[in-house]
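I opened a new page for this protein. These are my notes, in the order in which I looked things up.

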Amino acid sequence: MSTDPYPLAIALFSELLTADQLVRNRLSKVLPKGMEISHFSVLNQLARVGDERSPAQLAKSFHVTRGAMTNTLSKLEWAGYIHIRPDWDDARRKMVAISPAGRQARDAALAAISPMISELVGELGEDKVRAALPILRELRLKLEDD
């Protein structure tokens with residue numbers, strides 16, 4: 001048995017990165033026309049939390065720069081999917097909320113990606129997916145701590 005952790009770590013991250021790229025490619029193909037994965041992710045989070053968020057809060061939760069989040073939010077606002085307003089308590093900040101059109105776009109995106117995700121889970125088997133989730137969650141939490 002090898003005590004060198006590098007081949008194992010390289011194999012793990014190679015699989016994760018390749019799977020990430022393949023999932024992103026598949027998602028991009030089934031999302032509604034003009035919607036990017038980043039757009040869906042922001043709309044999905046705003047719909048799930050059911051409350052406004054600042055651009056800085058969104059950037060932090062997605063582990064992206066404020067500039068990257070501002071770019072995504074600008075596109076979503078232009079499409080009419082979100083409302084951006086000044087923060088009444090601090091005029092230097094803004095607050096972001098999902099619009100009714102954004103909720104409809106998010107729901108349409110979910111309807112478009114659900115069959116693909118269900119098919120993948122079905123092919124892998126629910127037991128394997130359930131077994132993988134705690135490991136992936138623990139890995140994510142470790143990476144977030146850094």
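**Entry 1**

I began with Ala109, which I found in helix 5. Helices here are DSSP runs of H or I with at least four residues, strands are runs of E with at least two, and both are numbered from the N terminus. I noted that this is a predicted model, in which local features need pLDDT of at least 70, side-chain atom pairs count only at pLDDT 80 or more, and totals for chains, interfaces and linings use all residues. Residues are numbered from 1 along each chain as its sequence is written, and side-chain values use heavy atoms, with hydrogens and water left out.

Is Ala109 buried or exposed? Ala109 counts as buried, because its relative accessibility is 0%. The cut-offs are under 20% relative accessible area for buried, over 50% for exposed, and partly exposed in between, with a 1.4 Å probe and protein chains only.

I then listed what Ala109 touches, leaving aside neighbours within four places in sequence: Leu31, Pro32, Met35 and Phe40. Contact means heavy atoms within 4.5 Å. I also checked Ala109 against His39: they are 70 residues apart along the chain, and their C-alpha atoms are separated by 10 Å.

**Entry 2: His39**

His39 has its place in helix 2. His39 counts as buried, because its relative accessibility is 8%. Not counting residues up to four places away in sequence, I found His39 touching Gly34, Thr72, Lys75 and Leu76.

**Entry 3: along helix 5**

I went back to helix 5 and checked its length. Helix 5 covers residues 100-124, which is 25 residues, so at 1.5 Å a residue it should span 36 Å. The expected span is 1.5 Å times one less than the number of residues. The end C-alpha atoms of helix 5 are 35 Å apart, which agrees.

Where is the kink in helix 5? I found it at Ile113, shortly before the proline Pro115, and it is about 35 degrees. The bend at a residue is the angle between axes fitted to the seven residues ending there and the seven starting there.

Next I listed the buried residues of helix 5: Gly102, Ala105, Arg106, Ala109, Ile113 and Met116. They pack against helix 1 (6-30), helix 2 (37-49) and strand 2 (94-98).

I looked at Arg106 by itself. Arg106 is buried, because its relative accessible area is 15%. Beyond four places in sequence, Arg106 is in contact with Phe40, Leu43, Asn44, Ala47 and Arg48.

Just after helix 5 comes Gly125, with a positive phi of about 100 degrees.

**Entry 4: helix pairs**

Two packed helices are described by the angle between their axes and the distance between the axes. Axes are lines fitted to C-alpha atoms, for helices over the stretch in contact, and angles run from 0 to 180 degrees between N-to-C directions.

I took helix 1 and helix 5: they pack at about 145 degrees, with axes 8 Å apart. Which residues meet there? Arg26, Leu27 and Val30 in helix 1 meet Ala112, Ile113, Met116 and Leu120 in helix 5.

Then I took helix 2 and helix 3 (residues 55-62), whose axes come within 12 Å and cross at roughly 110 degrees. That makes helix 2 roughly perpendicular to helix 3. Angles of 65 to 115 degrees count as roughly perpendicular, under 35 as roughly parallel, over 145 as roughly antiparallel, and the rest as oblique. Ser41, Val42, Gln45 and Leu46 in helix 2 meet Leu58, Ser61 and Phe62 in helix 3.

**Entry 5: loops**

His63 lies in the loop between helix 3 and helix 4 (66-78). Most residues other than glycine have a negative phi. His63 has a positive phi of about 60 degrees although it is not a glycine. His63 counts as exposed, because its relative accessibility is 56%.

Asp89 lies in the loop between strand 1 (82-86) and strand 2. Asp89 is exposed, because its relative accessible area is 77%. I compared Asp89 with Leu31: 58 residues apart in sequence, 37 Å apart in space, C-alpha to C-alpha.

**Entry 6: the whole chain**

Last, I took the overall figures. The protein has six helices and two strands, in the order α-α-α-α-β-β-α-α from the N terminus. The C-alpha trace spans about 60 × 35 × 20 Å along its principal axes. Buried residues make up 21% of the 146 residues.
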